[in-house]
Amino acid sequence: MRKSRTAHAQGAGALLSVLTLTAALGNLATATSAAAVPTLTSSITPTPVSACGVLVTPGRYVLTTNLGPVPGNCLVVSAPNVALDLAGHTLTGMMLGASAGVELLPGAVHATVESTQPGGAVRAFHAGIQDYASNAVIEGPYLLLTDNVGAGVYLYRVTASLVQDAHLSGNHHFGANIQQSRDVVLRDDQVDGNAVYGIWAQSSMVSQLTQDRIDNSGLAGIYLGCSDTANLQDVGCRPSDGSLIEGNVLVNNGPLGIAIADQSLANQVDGNTATADTRAGLWDENFMCAGLSLPPNSWRQNTGSRNQSASATCIG
């Protein structure tokens with residue numbers, strides 16, 4: 001999951017052809033502001049996509065057929081302001097390393113990936129959608145990210161990307177992995193059957209994880225920390241501070257429902273329900289939810305069993 005951006009871009013260039021837009025896209029080629037982001041409901045006719053490739057020009061694209069199985073990346077977005085609609089089709093990989101069904105390169109700011117028709121899916125890659133671009137939007141309700149080796153969606157060093165109303169199911173490690181990012185929002189997602197964590201915020205700041213339904217994870221439903229084995233004694237890594245975890249419903253997520261590792265502080269955990277976990281629904285490894293450098297974690301109006309060793313009395 002820590003492959004370099006350059007390696008991904010080179011792999012895409014070696015494997016994939018380049019798709020181009022028609023002149024009808026007009027001044028969208030130079031649009032860079034948020035106000036100029038094309039949407040899948042705009043009047044501009046989308047460019048059909050019928051093969052894996054690199055989307056190098058801003059605009060709207062629509063998938064017209066199922067693609068794969070492919071050994072590497074399928075669709076790579078390098079331009080800003082791209083809106084990609086799977087339109088009910090499936091991208092399929094071959095479960096190989098450093099592969100993504102859709103990869104958003106750092107320059108692909110303000111990208112949108114969705115499926116406006118039922119049946120849209122990305123499966124059997126290392127990451128279903130790999131986001132290196134800030135201000136991306138990845139959304140359902142018809143987008144399924146499943147059976148991927150690493151994560152359904154992987155967000156790395158991004159700011160203010162949004163994953164909304166998507167279905168992250170049956171991935172071999174994580175539903176969503178937020179790594180070294182800031183202000184990422186996961187909202188109203190269905191996250192189920194992922195082998196390690198439902199949602200993992202790793203060395204990330206000010207995440208917002210709200211109104212998600214998270215079921216049947218292997219080790220934890222929501223985890224703020226650095227270990228991929230739910231070792232809550234985090235050392236030698238940057239903590240995950242200042243996040244909001246609110247209004248989520250978590251059921252049967254292995255040992256832990258919501259878990260915050262030591263050194264991760266100033267997080268607000270409000271109004272969540274975590275049930276049917278084998279160890280505790282609500283867990284804070286920081287003694288009395290506090291540390292030395294930042295305000296303590298705040299737990300309010302949550303439902304679920306508390307860890308009894310370190311923080312039972314400060315988890316509300």
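Start by selecting F174 and Y197: F174 stands opposite Y197, which lies in strand β21. The model is predicted, so that local features need pLDDT of at least 70 and side-chain atom pairs count only at pLDDT 80 or more, while totals for chains, interfaces and linings use all residues. Residues are numbered from 1 along each chain as its sequence is written, and side-chain values use heavy atoms, with hydrogens and water left out.

Next, select residues 197-202, which make up strand β21, together with β18; the two run parallel and are joined by 5 bridges. Strands here are DSSP runs of E, at least two residues long, numbered from the N terminus, and two strands pair if DSSP finds at least two bridges between them.

Stay on β18, residues 174-179. Of its 6 residues, 6 are buried, meaning under 20% relative accessible area with a 1.4 Å probe, protein chains only.

Now move to an open sheet of 9 strands, paired in parallel, and select them in the order β5-β8-β11-β14-β17-β20-β23-β26-β29. The edge strands, β5 (67-70) and β29 (273-275), each pair on one side only. From one strand to the next, the twist averages 10 degrees, an angle taken between the N-to-C directions of lines fitted to C-alpha atoms, on a scale from 0 to 180 degrees.

Within this sheet, select residues 90-93 (β8) and 120-123 (β11), which pair in the parallel sense over 3 bridges. Finish on L91, whose bridge partner in β11 is V122.

Definitions and conventions: Helix = DSSP H or I, 4+ residues; strand = E, 2+ residues; numbered from the N terminus. Buried < 20%, exposed > 50% of the residue type's maximum accessible area, 1.4 Å probe, protein only.
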